[in-house]
Amino acid sequence: MKPTDIKDPDYFHKVVDCQWACPAHTPVPAYIRLIAQGRYGDAYLLNRESNVFPGVLGRVCDRPCEPACRRTRVEEEPVAICRLKRVAADHRDDITDRLPKKPEQSNGKRIALIGAGPASFTVANDLAPMGYECTIFEKLDKPGGLMRSNIPAFRLPEDVLMEELGYILQMGVDLKLGAAIESMKQLQTEGYDAIFVGTGAPRGKDLDLPGRRDAKEGIHIGIDWLESVAFDHIDAIGENVLIIGVGNTAMDCCRTSLRLGAKSVKVMARKPRAFFKASEWELEDAEEESVDITVNHSPKSFVTENGKLIGMMFDVMEYDVDDTGRITDQRVARDVMIPCDDVILAIGQENAFPWIEKDSGIEFDKWDVPVINEKTFESTRRGIFFGGDSAFGPKNIIWAVEHGHQAAISIHKYCHGADLSVRSPDEIEFESAKMGMFEWRYSNAYDASDRRKMEHIALVDRFKKLDIEVELGFSAEQIATEVERCLNCDVHTVFDAPLCTECDACIDICPVECLSITPQASEADLRNIVHAANADQALFTSAPLSFSGRVMIKDENICLHCGLCAERCPTSAWDMQEGVIKIHHASEQKLSAAE
Amino acid sequence: MTSFVKPKIRRKQEPVNTLGMVRADYDGTASTLCAGCGHDSVNAALARAFFELSVEPHMAVKVSGIGCSSKSPTYFMSDAHGANTVHGRMPAFATGAVAANSDLTYIGISGDGDSLSIGLGQMAHAIRRNVNMLYMLYNNGVYGLTKGQFSASADIGSVAKKGGANELPPIDPAALALATGATFVARSFSGDREQLIPLIKAGLRHTGFAVIDVISPCVTFNDHKGSTKSYAHTYKYFHPAVHADFVPPSEEIITAYEEGELMPVEMHDGSRIRLRKLDSDYDPRDRAGAFAKVLEGQSKDEILTGLLYINEDLPDMHARKNTGPRPLNQIPYSELNPGAAKLKDLQRSFR
C-alpha cells in the first residue's frame, strides 16, 4: 500500500466526517470550539461563511452531519451539531458590522435571481459584496422561499428568518416582491449579465385515486396547504385529519393541523417505520404531540358522501423483509375505511417551470427537468444557471446553499469570460495544536457524557398560537456538556516518519487500538491488523520507518483525536495539528491560471 | 505521564476473548514511566498475551522487585493479584506463592539491576528449583530509577549518557539461565510484539521456570548514540533465530511444515509451540547447542532472539516434591498438619 499523502486536502477533510458530509462543508469542530470559549459571534460568522443561514439551519437543517459524526461509531449518539449551531446564533452579540458590506462601487454586472429562497439568497450573498448588482424576483409578497412557506413558524420563527435574509439585503441586494417572472424569454431581453433560477420544487404531487374528483373540498396538497397557512389564507382544519406520506413535509403538516384545531391527526404510512423518509427527530417531535403514525396502510380510494369527503379506504399491507432489511414480498391482507374530515397529501414534490418557454434555449430532459451541469450549475443556455431544488429536484436547504455558492462561482467566472469548469482547488493548512507538555489548544480528553436533550415548551402551551417556537434552545449547562462531546476531528494526528524510534508507545496508549507498526503489505492485509473494517474510512500508511523499514498504520475510522499518541511519543513523531480546509467561494476564486 | 487517563471505551465489534472480555479489560492504571519506555510496550504485550490466552485476571499473580521494571505490574491487568516485593527478592516471594497455590498463573517482573546484581542468587535458585512461573527480565543496561548508572548487563564499551564507557563484562541473562538449568529460555525485544507476544504465551503455558530476557530500551538514560541498548542499536543488531508460534489446545494444526521448520513442541496443557527456524542449524531443544549459539551471538555483537531453549520434560518444583494436584492452600489445616504424634514418629525415625 502506498504511503498516504496527507497534503491532499481531501484526505483529512474526509476525517472530519461532519464537515465532509455537510454539502456546504461547514467547519463544525472549529465552530464548536469557539462556542466552548464563549465566542458565539465568532462561531456564528465562521458558520455563516459556509452555510449562510446559521440561525435558520440551527433549527431546521436536515443535518447530514449528525449521522456522519464520528461519535456514532464510538458510541450511540452523535454530537448535537445542529443545536450547537443554534446556540451560536442565539447567543451571538451584534455582528452586523462584521458582515460583508455593500461595495462602494458596482462592477457593472447585473444578475437576475428568480425565487427568493436559500439558493438565490446565497448567490446574492456571495456576489453582492464583490460589486455585482443582484436583483431577486419573488412571486409571493414575502421572501424566504420554502423556508417561509413550507416550514411552520413553530419550528422556524419569522424574525430569525428575516434577520438572516436582511443581512444579505443590506449588502445592496434588490428584492422585488410580488414580482412573478412569467416569461424567461422576456427576462432574457432585459439586459442581465447572468440569470439564476432558484424557484425550488413548487409542485406538490397529487394522488389520483378513485373518488379524488368527487370530493369538492377537504383534500389538500401538503406544500400548497402549508404555504396557505404561512400566508394566513387558511386558519382552520377539520377535527379528524389524515396525512398521506411520511416524509418531513408530512411531519410539518400533521403538527400544523394540530395547531389549527384538529383533534385527531393520523399519519398514514404505506410501509413499516424502517422505510420512513422523515428524519427520526421529526418523527419523535410529532409523536410527542400525540400524532398517530399508522404503518402498512396503502391508500386505495377517497370516500365521499354528497361531494363531501368522509374518509379514505386503505389496503392493509403485509411485507416480507429479509435480513438486510429489504422488502422481498408484499400482499394485501384486507382493506379498511378510516373516517376523516380532511386529507393532506404529502407524498413528494417536483420542480415545474411553466414560465420557461421551450424555445428559450434551455434544454429539458424527458422528465421535463432542465439539463444542468452538475459542477457549474449552468443550463444548456450559456449564462443561465439553476440551483437549489429547481436544479436537481427536492433536496434541502443546506444543499440549496451549496448550489448557490457553486452557481455564484460560475456566474463570477462567466461574467469575466473565465472557464467555468476550472475551480480553485481546496487547500489545507496545518497548525500545531501543541501548547506545551501535555497541553493542547483543544480539549483533548475524551468526555463520555451522553447527548443533551433539547427541551421543548410544555404541551399545554405550545398549541395556543401557530408561531410558538417548540424548541427552547440549549441551557448554559447543556452547552457546556455538549461542546465537550465533540471529538475535534479536525485536530489531526500528523505523523513524521523519520522521527519515529519505533518504541510502540503510541500503539500501547491508544484507547481504541487504531495504530500499529507492521511490515508493508496490501491494504486488505494492513486493514486486518488494526481491524479497520469500515472501508468508507481511510487507512493511514506512513513512509517506511528508519530503523526497521516497517510502516506506521492508523485506522482513521475510530480515532478519538484524544492526542494520547502525541503525548506518549518521545520524539514528537506524532503531533496534533489543526487542519484548516480552505474552500474557495466566488470572491476567492482565481479567474485565470496566471493569477 | 499523560495529561489524562486512557479512557475506557467499549467499541462496536470490538474483539473479545473466550471469556467475553476485551483487550482493555487487561489494562492497568496509567503508566508513570517515561514516554517511549520499552517497558510500556512489554506491559502491553503481557496484557495482550493474557487477553489472548483468556486468563481470568483473578487467577493470575504478578510479583516484582524494585526498579523501573518492577513498577510494571501496576500498569497491566489491574484485577490480578500482585505484590511489589523487596529489591532482588521477588524470586523467593514467588517461590512461596507458587508453593502455596499451584492453581494460579504466576508472572515475575524484574529488571537487569534487580535480577543480575542484588538478586542474582535469588534468580539462580528459583531457576534451579524450576518454579512454575514466567520470569520477565526487562533489560535496558542501566539503573533508570537512579538516573542511568550502568547495570550488570551493560556491554563492554557501551557509552553512558554523559560519555563514560563501560569496562566490566556483562552478565548475559540467557547464558545464565541456560547454565543454571532453566527449562524455557527466550530473548526478545520490546519493539517486536509479533515475536514477543507468542513467546509470553508459550512461557505462561510452559510448566517450569520460563525466562524471557527482553531488551527494553531506557528512552531517558540509555537511548543515545554509543549505547548498545538503544532502539537504534537493537533494531540494527536484532537477530531472530527461532520464531515460536503458540498454538492453543483448541486449535488444530493444519498448516503443513515447510522444510527447515521444527516439529511442534507439545505443552502439558495440550497446547503446542510451533517453532520456525530462521537460522538453519539451530535446534532449541538442544541445550548445549543453544548455549554455544548464545556465546557465538555475543562474540558477533548479534542480539540473538527468539525461543532459545525449551525442555518440557523436566519436573517442576511441585512435581519434584510430589505435592499432588490439590493446591496446598486448599488443604484443611488439620490435614496439612499431621499433629504432634506424627512429628514425634518422624523425629524418632531420624535417631
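Predicted model: local features only at pLDDT ≥ 70, side-chain atom pairs only at ≥ 80, totals over all residues.
**View 1. A three-stranded sheet in chain A.** Let's begin with an open sheet whose strands come in the order β20-β22-β21 (chain A), with antiparallel pairing. Strands of a sheet pair through backbone hydrogen bonds, and the pairing can be parallel or antiparallel. Which strands stand at the edges? They are β20 (515-518) and β21 (539-541) of chain A; each has a single partner strand, so one side of each is left without a neighbour in the sheet. From one strand to the next, the twist averages 20 degrees. Zoom in on β21(A) and you can follow its pairing with β22 (residues 551-555) of chain A: three bridges join the two strands, which run antiparallel. To find your place along this pair, look for A:T541, which stands opposite A:I553 in β22(A).

**View 2. Where chain B touches chain A.** How many residues does each chain bring to the contact? Chain A contributes 26 residues and chain B contributes 24 residues. On the side of chain B that touches chain A, the elements giving two or more residues are α1 (38-52) and α7 (231-237) of chain B. Of these, α1(B) gives the most, with four residues. Sorted by class, this side of chain B has ten nonpolar, eight polar and six charged residues.

**View 3. An annotated span of chain B.** An unreviewed UniProt entry lists residues 66-214 of chain B as "domain: Thiamine pyrophosphate enzyme TPP-binding". Trace residues 66-214 of chain B from one end to the other, and you will find that the end C-alpha atoms lie 17 Å apart. Along the way, the span is 33% helix and 23% strand.

Technical notes: Residues numbered from 1 in each chain as written. Chains lettered and ligands numbered in written order. Pairing = 2+ DSSP bridges. Axes fitted to C-alpha atoms, helices over the stretch in contact; angles between N-to-C directions. Contact = placed C-beta atoms within 7 Å. Nonpolar A, V, L, I, M, F, W, Y, C, P; charged D, E, K, R; others polar. UniProt positions renumbered as here; feature names shortened; annotations may be inferred.
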